[in-house]
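Good morning, and thank you for making time on the agenda. Please have the sequence and the model open while I speak.

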Amino acid sequence: MGDIPGIVVTGASGRMGQTLIRLAAESDKLRLVGCVERAGHGWIGRDVGEAMGGAPIGVSVTDDPLEAFAKAQAVVDFTSPAATVEFAALAAQARAVHVIGTTGLEAEHLARIEAASRHAVIVRAGNMSLGLNLLVRLTQKVAAALDADWDVEIVEAHHRMKVDAPSGTALMLGEAAAAGRGVALDAAKASGRDGITGARERGTIGFSAIRGGDIVGEHDVIFAGMGERIVLRHLATDRAIFARGALRAALWGQGQKPGQYDMMDVLGI
């Protein structure tokens with residue numbers, strides 16, 4: 001058991017948190033050693049298996065992340081930007097691999113995560129599925145092959161409870177398209193069209209967000225030319241694909257040098 005990495009799941013009661021806990025509890029490659037929730041949450045002090053409506057698994061939910069991280073080799077984190085930057089500092093202090101799937105991160109959050117990565121391994125990605133990361137690579141290659149006369153639109157759909165837009169995955173795809181064209185996404189990004197917007201500006205990368213029901217995640221990258229279109233699409237039907245990718249990243253991070261990595265590094269693509 002000593003050679004099997006122990007992991008902590010933050011945001012234990014969330015959709016991704018519960019999916020991660022189930023997969024980790026079933027894994028023979030890692031051990032679930034801790035679960036974290038915010039102070040005052042109804043799960044604090046309870047066995048997480050029972051809190052999830054099942055049998056006890058011998059791991060209690062805590063609101064003390066540092067205590068939990070101290071006994072772990074990896075932390076898997078799909079929470080909020082404010083919580084994630086705090087967890088990044090604590091995971092670095094514990095020298096635990098920090099796998100970040102949190103989206104909606106802004107420049108100030110990214111700066112603090114970068115600072116933490118000087119002391120520990122951080123794997124951060126807006127999407128941790130294999131198929132989606134292949135789509136990112138394809139998007140960059142197609143964008144590099146086409147000139148700015150081809151309009152790029154990224155359309156994403158998620159469940160009604162998602163709080164940020166565009167999604168982290170959509171932004172990954174936008175960054176890939178911008179990199180393929182040799183431009184900065186901030187300079188090319190166009191989103192939130194409404195009213196009389198005027199003609200589309202050449203070379204822009206457009207974003208549209210759909211929110212509804214229980215959609216797990218759908219992403220289209222549309223390259224629209226005169227008389228033809230190329231559409232690259234990824235559909236996620238089970239959020240377990242993201243959890244499996246995150247757990248794979250937690251294992252990959254063991255023994256890596258301190259720094260910030262992404263799923264391209266983990267998958268070797």
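How many aromatic pairs does a search of the whole structure find? The search finds two. Rings of Phe, Tyr and Trp (for Trp, its six-membered ring) pair if their centres lie within 6.5 Å; planes under 30 degrees apart count as stacked, over 60 as edge-to-face and the rest as tilted. One of the two pairs is formed by Phe69 and Phe87, edge-to-face, with 5.8 Å centre to centre and 70 degrees between the planes. Phe69 belongs to helix α3 (residues 65-69) and Phe87 to helix α4, so this pair ties together parts that are 18 residues apart in sequence.

A word on the basis of these values. This is a predicted model, in which local features need pLDDT of at least 70 and side-chain atom pairs count only at pLDDT 80 or more, while totals for chains, interfaces and linings use all residues. Residues are numbered from 1 along each chain as its sequence is written, and side-chain values use heavy atoms, with hydrogens and water left out. Helices (H or I, at least four residues) and strands (E, at least two) are DSSP runs, numbered from the N terminus.

I turn to the sheets. Two strands pair if DSSP finds at least two bridges between them. Seven strands form an open sheet in the order β3-β2-β1-β4-β5-β6-β12, with parallel pairing. At its edges stand β3 (61-62) and β12 (259-261), each with a single partner strand, so one side of each has no neighbour in the sheet. Within this sheet, β4 (residues 74-77) and β5 (residues 97-100) pair in the parallel sense over four bridges, and Ala74 stands opposite Val97 in β5. Helix α4 packs on the sheet, touching β1, β2, β4 and β5, and its direction makes about 165 degrees with that of β5. Here contact means heavy atoms within 4.5 Å; axes are lines fitted to C-alpha atoms, for helices over the stretch in contact, and angles run from 0 to 180 degrees between N-to-C directions.

Helix α4 (residues 81-93) also has a helical partner: its axis and that of α5 (residues 107-116) come within 9 Å and cross at roughly 10 degrees. The two are therefore roughly parallel to each other, a label for angles under 35 degrees, whereas over 145 counts as roughly antiparallel, 65 to 115 as roughly perpendicular and the rest as oblique. Among the residues in contact, Val85 and Ala89 of α4 meet partners in α5 that include His109 and Ile113.

The other sheet is also open: five strands in the order β8-β9-β7-β10-β11, with mixed pairing. Its edge strands are β8 (189-191) and β11 (228-236). Seven bridges join β7 (residues 151-158) to β10 (residues 217-225), and these two strands run antiparallel. The bridge partner of Ile154 in β10 is Val221. Helix α6 packs on this sheet, touching β10 and β11, with its direction at about 165 degrees to that of β11. Helix α7 lies across β7, β8, β9 (205-211) and β10, running at about 165 degrees to β7.

Finally, how do α6 and α7 meet, and at what crossing angle? The axes of α6 (residues 130-145) and α7 (residues 168-181) come within 7 Å and cross at roughly 30 degrees. These helices are therefore roughly parallel to each other.
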